[in-house]
Amino acid sequence: MPRYFNPLIAKLNTSALSSLWFCSVPTPKSLPCKPNQKPSKQLLGFSFVAVPGAAMALISQTGSSYCIRTEVFSRAGNVDASKLKDNCVGFSSFSCNSARKTQILHMDNAGVGLTRRGSVVVAASPPTEDAVIATEPLTKEDLVAYLASGCKPKEAWRIGTEHEKFGFELKTLRPMKYEQISELLNGIAERFDWEKVMEGDYIIGLKQGKQSISLEPGGQFELSGAPLETLHQTCAEVNSHLYQVKAVTEEMGIGFLGIGFQPKWGLKDIPMMPKGRYQIMKNYMPKVGTLGLDMMFRTCTVQVNLDFSSEADMIRKFRAGLALQPIATALFANSPFTEGKPNGFLSMRSQIWTDTDNNRTGMLPFVFDDSFGFEQYVDYALDVPMYFVYRNKKYIDCTGMTFRDFLKGKLRCIPGELPTLNDWENHLTTLFPEVRLKRYLEMRGADGGPWRRLCALPAFWVGILYDEVSLQNVLDITADWTPEERQMLRNKVPITGLKTPFRDGLLKHVAQDVVKLAKDGLERRGYKESGFLNEVAEVVRTGVTPAERLLELYNGKWEQQIDPVFEELLY
């Protein structure tokens, strides 16, 4: 899935260098970095290319400081030897205070990886002027530093929203075929000036600025939005996207459905998109769970991606996100039908994740350990079995092997090869916990739904996680929840929603408090965003989820016919 943050590259503002302190190499954690130390070649892992006026650096962490090697080149590519320097910039506990001086450079349109022999790996886009060259293999410390590079000062925090929807033929209600999706993508590209993303001869997505459109395995149509400052911008982006899609699809006789699980059609009826990674996943899924193919072909979600300022801030948001994810699942539960009939769940989409692949899903109880941080998440990710590596514009099946093996050059699928940062970035997208860490945090617990709910989900999470008072209140409320209680909520909410018993009441009562905290947080932001929570305010007031309202319609007005849902939830 396309994501909206850029590769791990730091740009040092040369005018600010005098206010930073430098040393030649990282020192043990017990010792501070001191100026004028001699370089230690074995610890200098990377060199960088930059255009005049800026020094480009990859930050490779060992101990409590980050090793940086910078090389300033002329536009013609000739090295100015007088400007070569090896430096080490001190950071404190992955704090981003220093990041105000070492700012992350936002490189668009390219996922840049590092290779062993100094070549550049760029995913799905051509090399940019700012190239990255590796001189030594990646280490675990580099992978930790990659996650830490996501830290941003609060004023740079943004909101990224992703949502998926089912395309269908208005006359037959059947899922869109790839040929129809191709026509739609080409139509949007030509009318609204999007850049096409190709895999071989197939169009598989679009890009425009920091937005992208991509296809899930069964043709679910996904917008990955740009990182935006306010929820007003987020909702405007959603509206613009839906307008563009409808402008093309109305002429094609195609509609889009906002729901969490395909309500009418079976797996055999769903076309598979021509993306190499999906064939690998399709072959692997039945080996590790019974519902993985349903996840791939018959689910739709909406998620929000949010920033953190430091390792400590990431931990607090990660824990709050995991604890509250079942509440988000209940508030947005919207998938009660399978193949034309009620399936016994309010969120079938959420239930499917419980038997997809337990190695890469779930509530991650280790996030609540005192020792948790970037390094512990890297340890977890290193041992989650891989799906693939991407080489020479092709996906190579590496299922069952681990990234830890890859670091040692021991992948059976590409023996002797070592990973790039682009490989690491790809691998992180194949982990599917309820909250996922990259260089930002992804809240992944909600069903797809109609457009107003697409704006309500980011409102819920922004109000909690981007407001210090609300975040602390949530951490206080959930501090004594046990791992067993969190897992119980995860297991039962897909069935009973807000009516799930919890301690001496119902989950509805906790949800009411949490939504109030989200509203208060939004009001303190000062952007007049609290109205975006109106969709969930009614849900928590009544305790009736969207799925339960659909079931009422099914058993009443619709006379137990499923087809009316396509009109009810049509975008």
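Strand β12 (residues 159–169) and β17 run antiparallel and are joined by four bridges; I take two strands as paired if DSSP finds at least two bridges between them. Helices (H or I, at least four residues) and strands (E, at least two) are DSSP runs, numbered from the N terminus. Looking along β17 (residues 254–257), I noted that I254 and F256 point one way and G255 and L257 the other, and that all are buried, where buried means under 20% relative accessible area, exposed over 50% and partly exposed in between, with a 1.4 Å probe and protein chains only.

I noted that this is a predicted model, in which local features need pLDDT of at least 70, side-chain atom pairs count only at pLDDT 80 or more, and totals for chains, interfaces and linings use all residues. Residues are numbered from 1 along each chain as its sequence is written, and side-chain values use heavy atoms, with hydrogens and water left out.

Next I looked up Q244, which is found in helix α3 (residues 231–252). Q244 counts as buried because its relative accessibility is 10%. Not counting residues up to four places away in sequence, Q244 touches I188, F192 and W194. From Q244 to F192 I read a C-alpha to C-alpha distance of 7.4 Å, although the two are 52 residues apart in sequence.

I then checked the length of helix α14 (residues 507–525), whose 19 residues should span 27 Å at 1.5 Å a residue, and the end C-alpha atoms are 27 Å apart, which agrees; the expected span is 1.5 Å times one less than the number of residues. Among the buried residues of α14 I listed L507, V510, A511, V514, V515 and A518. An α-helix has 3.6 residues a turn, so residues three or four places apart point the same way. Just after α14, G526 takes a positive phi of about 85°.

Last, I looked up T545, in the loop between α15 (534–542) and α16 (546–555). T545 has a relative accessible area of 0% and is therefore buried. Leaving aside neighbours within four places in sequence, T545 is in contact with A330, A333, L346, G497, L498 and V539.

Methods
Contact means heavy atoms within 4.5 Å.
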